[in-house]
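Good morning, colleagues. Please keep the coordinates open while I speak.

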Amino acid sequence: MTREWDAATYDRIGAPMTRWGLAVLERLALRGDERVLDAGCGSGRVTAQLLERLPRGSVVALDASTQMIDQARERLAADADRVEFVVADLGRPLPIDGLVDAVLSTATFHWVLDHDALFRNLAAVMRPGAPLVAQCGGGDNLARVRAVMRDLGEAWTPWNFAWPDETKRRLAEAGFDDIHVWLHDEPTEIPPAQVPDFLRTVILGTNLLRRAPEEREPFVGAVAERLADGRLDYVRLNIMARRAGRGPR
Ligand SMILES: C[S@@+](CC[C@H](N)C(=O)[O-])C[C@H]1O[C@@H](n2cnc3c(N)ncnc32)[C@H](O)[C@@H]1O
């Protein structure tokens, strides 16, 4: 399932995701001339830093949200000749010509429910030996938020917060080797004034679409009231793997 994101609001409040994303980018060793897929590029803040590390290379900036791609296109306008923008669902075969030399993905995979399909679709566009460096929500991510949602009668969630063992198995089955997957706690404080925007735009965005329009703001308000301190118990699933097969390193 994919949805449109309010890209302008995300861009304004997405500092935690950008911070985590830049730390993940540090794990991707690059020569500077590769073609790299940013899988779920959002508004392009991390993509911009990725591009800086590719002075002779290029980026495929892919996202399911047209608004996010438009925002990324604006941000990356100065380097437009080195960016291919693609609106696509990572849960389906990817409409990318040729192979990429690496995949980076930050704060995105948990929005794709079928991780078997996700990893197969990525593997299909990666050259043999290409690295996959990613991070998303995993394990007990946002347990406090989920408990609040349940208390308010919202049992359904749109996320796949996967665990390391199942992720390692899925990666191996999809054609990856050199697989490292681990969880780490990332407790994060959102400025209290931003809590409603954060819930509306990021965490509850998909849940809200299942509610009648007049129920959406009261639901955001009820969750926000219970999370007024802005303390979010994020847990991140870290992934490093390599597309199996021999290729130039
Ligand atoms: C929290 S944002 C992360 C954006 C960016 N990577 C960052 O770290 O700031 C999650 C992004 O995943 C995208 N997304 C969610 N599900 C997707 C899917 N099935 N296929 C492609 N992109 C998806 C959303 O549109 C959104 O832009």
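Serine 65 is in contact with Arg3, Glu4 and Trp5, leaving aside its neighbours within four places in sequence; contact means heavy atoms within 4.5 Å. Serine 65 sits in the loop between β2 and α4, where helices (H or I, at least four residues) and strands (E, at least two) are DSSP runs numbered from the N terminus. The relative accessible area of serine 65 is 1%, so this residue is buried. On this scale, buried means under 20% relative accessible area, exposed over 50% and partly exposed in between, with a 1.4 Å probe and protein chains only. A polar atom of the serine 65 side chain lies 3.2 Å from the backbone nitrogen of tryptophan 5.

Before going further, a word on provenance. The model is predicted, so local features need pLDDT of at least 70 and side-chain atom pairs count only at pLDDT 80 or more, while totals for chains, interfaces and linings use all residues. Residues are numbered from 1 along each chain as its sequence is written, and side-chain values use heavy atoms, with hydrogens and water left out.

Let me turn to the sheet. Seven strands form an open sheet with mixed pairing, in the order β3-β2-β1-β4-β5-β7-β6; two strands pair if DSSP finds at least two bridges between them. Because β3 and β6 stand at the edges with a single partner strand each, one side of each is left without a neighbour in the sheet. From one strand to the next, the twist averages 15°. Axes here are lines fitted to C-alpha atoms, for helices over the stretch in contact, and angles run from 0 to 180 degrees between N-to-C directions. β6 and β7 run antiparallel and are joined by 12 bridges; histidine 184 has arginine 236 in β7 as its bridge partner. Helix α4 (residues 66-75) packs on the sheet, where it touches β2 and β3, and its direction makes about 165° with that of β3.

Next, the nonpolar interior. A nonpolar core is a set of buried Ala, Val, Leu, Ile, Met, Phe, Trp, Tyr and Cys residues joined through side-chain atoms within 4.5 Å. The largest such core has 31 residues, and those with the most contacts inside it are Leu37, Phe109, Phe119, Leu122, Leu132, Phe176 and Ile239. Two or more residues each come from β1 (35-39), β2 (58-63), α5 (115-124), β5 (131-137), α7 (164-174), β6 (176-189) and β7 (231-243). Which element gives the most to this core? The answer is α5, with four residues. Leucine 132 touches, beyond its neighbours within four places in sequence, a set of residues including Val103, Phe109, Met126, Leu171 and Met240. A second, separate core has 30 residues, among them Trp20, Val195, Leu208 and Phe219.

How many of the nine residues of helix α8 are buried? Seven are, so α8 (residues 195-203) is largely enclosed by the rest of the structure. Its buried residues are Val195, Asp197, Phe198, Leu199, Thr201, Val202 and Ile203. Their cover includes α1 (7-13), α2 (15-25), α6 (143-151), α9 (205-209), α10 (213-226) and β7.

Finally, the charged pairs. The whole structure holds 19 salt bridges, a salt bridge being a side-chain nitrogen of Lys or Arg within 4 Å of a carboxyl oxygen of Asp or Glu. In one of them, arginine 35 pairs with glutamate 84, with the closest N and O atoms 2.8 Å apart. This pair links distant parts of the chain, since arginine 35 is in strand β1 and glutamate 84 in strand β3 (residues 83-87), 49 residues apart. Arginine 35 is buried, at 13% relative accessible area, whereas glutamate 84 is partly exposed, at 32%.

Arginine 211 and glutamate 154 also form a salt bridge, at 2.8 Å from N to O. Arginine 211 lies in the loop between α9 and α10 and glutamate 154 in the loop between α6 and α7, so the pair ties together parts 57 residues apart in sequence. Both arginine 211 and glutamate 154 are buried.

Within helix α7, arginine 169 and glutamate 173 are four residues apart, about one turn of the helix, and their salt bridge has its closest N and O atoms 3.3 Å apart. Arginine 169 is partly exposed, at 39% relative accessibility, and glutamate 173 is exposed, at 58%. Elsewhere, salt bridges that share partners join Arg12, Asp197, Arg200 and Glu217 into one network.

Note on methods:
Polar contact = N/O pair within 3.5 Å; in protein donor to acceptor, adjacent residues only side chain to side chain.
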